[in-house]
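Visitor: I have the sequence and the model open. Please take me through the terms and the values behind them.

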Amino acid sequence: MNDRLKRLEKALELPQLDEANRANLELERAELRHEILILEKDYTQSVTDSHFKSIEFRNRLIQVLGLLVGATLFSCLIFPPAWIVPATGLIIGLCGAVICVVVTLITRTLQVENRLDGIEQDAVLIKQQASCYLHEFHRLKEKLPNPDVLREMKQLYLKLQQLVSESD
């Protein structure tokens with residue numbers, strides 16, 4: 001796509017282009033830039049999602065293992081009743097219960113932190129995309145008398161409004 005965009009920009013630099021061809025090439029270039037923006041956004045979104053899903057998977061695995069150890073200690077499954085004194089069994093059971101609670105609290109905290117990081121990443125992506133739209137809007141503002149340009153500016157405005165509504 002970048003090669004196609006470079007070829008379009010080189011074609012637009014040619015002085016022998018008439019206005020109709022130049023307008024068609026400008027429109028094609030704008031559409032291509034928009035497609036590239038969408039693809040870059042989708043790529044960064046998928047990379048970010050896979051990163052946060054892998055972190056979430058690791059957190060859940062740690063939670064399962066911690067709860068397994070805590071529940072095993074809580075029920076004293078690793079010690080036969082003849083090996084331990086009842087008071088020691090009670091202490092071991094309480095330690096297992098404490099381990100379960102601590103592991104649950106830690107994993108929930110990590111999940112909230114992971115979600116906050118995801119929201120922060122989404123905000124950065126939305127800000128970048130909005131700045132690209134604004135840059136394109138100002139670039140089109142210079143060519144305003146053309147009705148195609150006006151239509152494209154309206155589309156960019158609607159896309160900006162959509163980004164604002166997504167960020168809320």
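Visitor: How do you know that helix α2 reaches close to the span expected at 1.5 Å a residue?

Guide: Helix α2 covers residues 19-75, 57 residues in all. Its first and last C-alpha atoms are 82 Å apart, close to the expected 84 Å. The expected span is 1.5 Å times one less than the number of residues. Helices here are DSSP runs of H or I with at least four residues, numbered from the N terminus. Just after α2, Cys76 takes a positive phi of about 55°.

Visitor: Where do these values come from?

Guide: This is a predicted model: local features need pLDDT of at least 70, side-chain atom pairs count only at pLDDT 80 or more, and totals for chains, interfaces and linings use all residues. Residues are numbered from 1 along each chain as its sequence is written, and side-chain values use heavy atoms, with hydrogens and water left out.

Visitor: Why is Cys100 called buried?

Guide: Buried means under 20% relative accessible area, with a 1.4 Å probe and protein chains only. Cys100 has 18%, so Cys100 counts as buried. This residue lies in helix α3. Leaving aside neighbours within four places in sequence, Cys100 is in contact (heavy atoms within 4.5 Å) with Leu67, Gly70 and Ala71.

Visitor: Why is Lys127 called exposed?

Guide: Exposed means over 50%. Lys127 has a relative accessible area of 63%, so the term applies. Lys127 is also in helix α3. Its C-alpha is 9.1 Å from that of Ser167, 40 residues apart in sequence.

Visitor: What makes Lys143 partly exposed?

Guide: Partly exposed lies between the buried and exposed limits. Lys143 has 30%, so it counts as partly exposed. Lys143 is found in the loop between α3 and α4. Beyond four places in sequence, Lys143 is in contact with Glu26, Arg29 and Val149.

Visitor: Which residues make up the largest nonpolar core?

Guide: There are nine, including Ile126, Tyr133, Leu140, Val149 and Leu163. A nonpolar core is a set of buried Ala, Val, Leu, Ile, Met, Phe, Trp, Tyr and Cys residues joined through side-chain atoms within 4.5 Å. Helices α3 (86-141) and α4 (147-167) each give two or more residues. The largest share, five residues, comes from α4.
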